[in-house]
Amino acid sequence: MSDIDKQWENLKNKFYIGYKFYGEITRVKPFGVFVYLGYQVIDGYKLSGIIDIATKPDCDSSGLPTDTTLWPKVGQRLHCKVIAYREYNKEVDLTLVK
């Protein structure tokens with residue numbers, strides 16, 4: 001098992017589906033915000049969490065406002081919940097806890 005696979009398995013054990021935590025925003029993109037999960041970049045994989053509106057059928061389901069000017073900024077902390085894993089690029093799908 002490669003280092004990235006070991007880190008990914010460790011991350012999934014810690015950030016299991018349904019897990020709630022407070023995380024800091026590291027990047028804001030037009031499709032969503034990235035949340036730091038405490039893992040470093042390995043072999044190009046970010047091992048990050050993302051609150052992504054682009055792949056959701058209803059933008060409000062992510063918990064983010066549809067108006068991107070109202071989105072939280074880099075450095076802010078959010079209460080998040082793990083809802084899925086993206087195995088192909090080692091990302092964790094998150095939603096906001098209200």
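Colleague: How do you know the order of the elements from the N terminus on?

Modeller: The elements run α-β-β-β-β-β. Helices (H or I, at least four residues) and strands (E, at least two) are DSSP runs, numbered from the N terminus. The count comes to 1 helix and 5 strands. This is a predicted model: local features need pLDDT of at least 70, side-chain atom pairs count only at pLDDT 80 or more, and totals for chains, interfaces and linings use all residues. Residues are numbered from 1 along each chain as its sequence is written, and side-chain values use heavy atoms, with hydrogens and water left out.

Colleague: What makes strand 3 and strand 5 a pair?

Modeller: Two strands pair if DSSP finds at least two bridges between them. Strand 3 (residues 48-52) has 3 bridges to strand 5, so the pair qualifies. The two run parallel. Ser48 stands opposite Glu91 in strand 5.

Colleague: In what order do the strands close into a barrel?

Modeller: The order is 1-2-3-5-4, with mixed pairing. The twist averages 50° from one strand to the next. Such angles run from 0 to 180 degrees between N-to-C directions, with axes as lines fitted to C-alpha atoms.

Colleague: How much of the protein counts as buried?

Modeller: Of the 98 residues, 39% do. Buried means under 20% relative accessible area, by a 1.4 Å probe, protein chains only.

Colleague: What share of the contacts joins residues at least 24 apart?

Modeller: Contact means heavy atoms within 4.5 Å. Among contacts between residues at least 6 apart in sequence, that share is 58%.

Terms used:
Buried means under 20% relative accessible area, exposed over 50%, partly exposed in between (1.4 Å probe, protein chains only).
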